[in-house]
Amino acid sequence: MDHADAALYQGKRCRARCFAYFSEDLTLAARERIALESRLRRAIDQQELRVFYQPQVDIASGRIVGAEALVRWLDPTEGLIPPILFIPLLKKPA
């Protein structure tokens, strides 16, 4: 049942007409995602998320016209965790 569940989850991620077969890679990916989710919960509790502000510059004039706030995860052992790894975990499932 666990193997079928992993394949079902992979098929749903596709969001199109597709199918998925179980493989050990699916189990490994699911375990890594669960471990990262757990670490992220701890990171939120430990206030490891940081906000950095990045200026938005008008190329023609060189003037700063705004700023954007970027969240970064500063893990005490791994350093900065790229947002591409943890932002998808923060989104609610469809």
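**Core and surface of a predicted model**

Visitor: Is Leu80 buried or exposed?
Guide: Leu80 is exposed, because its relative accessible area is 52% and the cut-off for exposed is over 50%. Keep in mind that this is a predicted model.

Visitor: Where is the place of Leu80?
Guide: Leu80 sits in strand E3, which covers residues 79–81.

Visitor: Which residues form a nonpolar patch on the surface?
Guide: Phe52, Leu74 and Leu80 do. Together they have about 280 Å² of accessible area.

Visitor: And how much accessible surface does the protein have?
Guide: About 7900 Å². Carbon and sulfur atoms hold 57% of that surface.

Visitor: Now the inside. Which residues make up the largest nonpolar core?
Guide: There are six: Leu36, Leu40, Ala43, Trp73, Ile81 and Phe86.

Visitor: Which helix gives the most to this core?
Guide: Helix H2, residues 24–45, contributes three residues to the core.

Visitor: What share of the residues is buried?
Guide: Buried residues are 15% of the 94 in the protein.

Visitor: Back to the overall layout. How many helices and strands are there?
Guide: Three helices and three strands. Starting at the N terminus, the order is α-α-β-β-β-α.

Visitor: What about contacts between residues 24 or more positions apart?
Guide: Such pairs account for 32% of the contacts with a separation of 6 or more.

Conventions. Residues are numbered from 1 along each chain as its sequence is written. This is a predicted model: local features need pLDDT of at least 70, side-chain atom pairs count only at pLDDT 80 or more; totals for chains, interfaces and linings use all residues. Side-chain values use heavy atoms; hydrogens and water are left out. A nonpolar core is a set of buried Ala, Val, Leu, Ile, Met, Phe, Trp, Tyr and Cys residues joined through side-chain atoms within 4.5 Å. Buried means under 20% relative accessible area, exposed over 50%, partly exposed in between (1.4 Å probe, protein chains only). Helices (H or I, at least four residues) and strands (E, at least two) are DSSP runs, numbered from the N terminus. Patches are made of residues with over 30% relative accessible area and no salt bridge: like charges are joined within 9 Å, nonpolar side chains (Val, Leu, Ile, Met, Phe, Trp, Tyr) within 5 Å. Accessible areas come from the Shrake-Rupley method with a 1.4 Å probe; for residues, only the protein chains shown count as cover. A salt bridge is a side-chain nitrogen of Lys or Arg within 4 Å of a carboxyl oxygen of Asp or Glu. Contact means heavy atoms within 4.5 Å.
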